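Trainee: I should like to learn how to read a protein model, feature by feature. May we begin with the sheet?

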Amino acid sequence: MGAAIDITFVRLLLTGVIRGSVRDPYALYRCRENFQESLLRLSGCGGEGCPRCREGSCAYGSAFLQPLGNDPTAVKRHQKPPVPFAFSFPVLAGQSEFEVGLTLVGTAINHAPLFVKSFSGMLEGLGLNGATAELVRVESAGYFGERSPCLVGEDTSAGAEPTILSGAGLVESRIVGETLALSFNTPLRIIQDGAPLRSFSFSVFARALMRRVSALASAYCDREINDDFRWLAQLSADVKPASQAMRWIDWREADRRGRYGGLAGQAVFAVSDVEEFIPYLLVGEYLGVGKGAPFGMGHFHLHGC
């Protein structure tokens, strides 16, 4: 197995209830603008010239303004960093209760109460065609699926601080078998040569994942991952699935312009073929990959480890 990745994050599980009938099953996937507006309002960001943005204490600034770092080498390598959070959403299909995952990376963990409060405020203005949604429970997830009550809004008396996870902890806590299956449960949308990837390529997927993880570690954990990415990219080109059932799906109901189309299904690999990439795959379960990953797209699960 490859070396563990020096990245820290928390995984929050946000449980909500729906009152009424939701007509749009993909409503949560459309939440970017609502969430961004909610976080902007609650953080009190002053925009350009905001003193808290300059000192790095503004939740909105750190999430959406994504300032470049002071290290010119890191800036050249990663360019503008990704946002330091990733939601995983369910498709709303008549259930009265739903669960949303929220991963916060590095310095974003300091703003966890405000992220939760912003999500709660976002639900109030989501526009569910007459239905309403409310956040009722917040839990923190551990390495083995264990849950603990966690902060609710800005009230930390309702539970403990969130559990801090790390790339090293993921490697230590997972048992690897002989095969590894990647199951994509939301569309994987990777742009290559100006168009979405229409057939699954482990190499394209792995390179996108490594770029995403390394950029997040650099921007929000102040850690440069010193792997030989050129060698890993060359190695990935030789990785072929033992079997796969990947196909293009298009959530036309979500967006007629095709922004919610991508690859979904499962690809199975021999662990010996993907061994060097397992640390990235383990972290990637929490972060997703590709276009729209911060808001639920390109999320996958690993089976067999």
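Mentor: In this predicted model, four strands make up an open sheet, ordered S10-S11-S7-S12, with antiparallel pairing. Helices (H or I, at least four residues) and strands (E, at least two) are DSSP runs, numbered from the N terminus, and two strands pair if DSSP finds at least two bridges between them. The edge strands, S10 (243-250) and S12 (300-303), each pair on one side only. From one strand to the next, the twist averages 10°.

Trainee: How many bridges join strand S7 to strand S11?

Mentor: Seven bridges link S7 (residues 179-188) with S11 (residues 261-270). For example, Leu-188 has Leu-263 in S11 as its bridge partner.

Trainee: Which strands does helix H7 touch on the sheet?

Mentor: Contact means heavy atoms within 4.5 Å. Axes are lines fitted to C-alpha atoms, for helices over the stretch in contact, and angles run from 0 to 180 degrees between N-to-C directions. Helix H7 (residues 202-220) packs on the sheet against S7, S11 and S12, and its direction makes about 75° with that of S7. H10 also packs on the sheet, touching S7 and S12, at about 130° to the direction of S12.

Trainee: How many residues of H10 are buried?

Mentor: Buried means under 20% relative accessible area, exposed over 50%, and partly exposed in between (1.4 Å probe, protein chains only). In helix H10 (residues 278-287), 10 of the 10 residues are buried, including Tyr-280 and Glu-285. Just after H10, Gly-288 has a positive phi of about 70°.

Trainee: Which residues are buried in H1?

Mentor: They are Phe-35, Ser-38, Leu-39 and Ser-43. These four lie on the same side of H1 because they cover an arc of only 115° around the axis, the arc being that of the directions from the helix axis to the C-beta atoms. The face turned away from the buried side carries the exposed residues Glu-33, Glu-37 and Arg-41. The buried residues pack against helices H2 (51-55), H3 (59-65) and H5 (112-124), and against S2.

Trainee: What is the average pLDDT of the protein chain?

Mentor: The pLDDT is the predictor's confidence in each residue, from 0 to 100. The chain averages 89, and 91% of the residues score at least 70. Over residues 153-157 the pLDDT is below 50. Where pLDDT is low, the predicted coordinates should not be read in detail.

Trainee: Which conventions apply?

Mentor: Residues are numbered from 1 along each chain as its sequence is written, and side-chain values use heavy atoms, leaving out hydrogens and water. Local features need pLDDT of at least 70, side-chain atom pairs count only at pLDDT 80 or more, and totals for chains, interfaces and linings use all residues.
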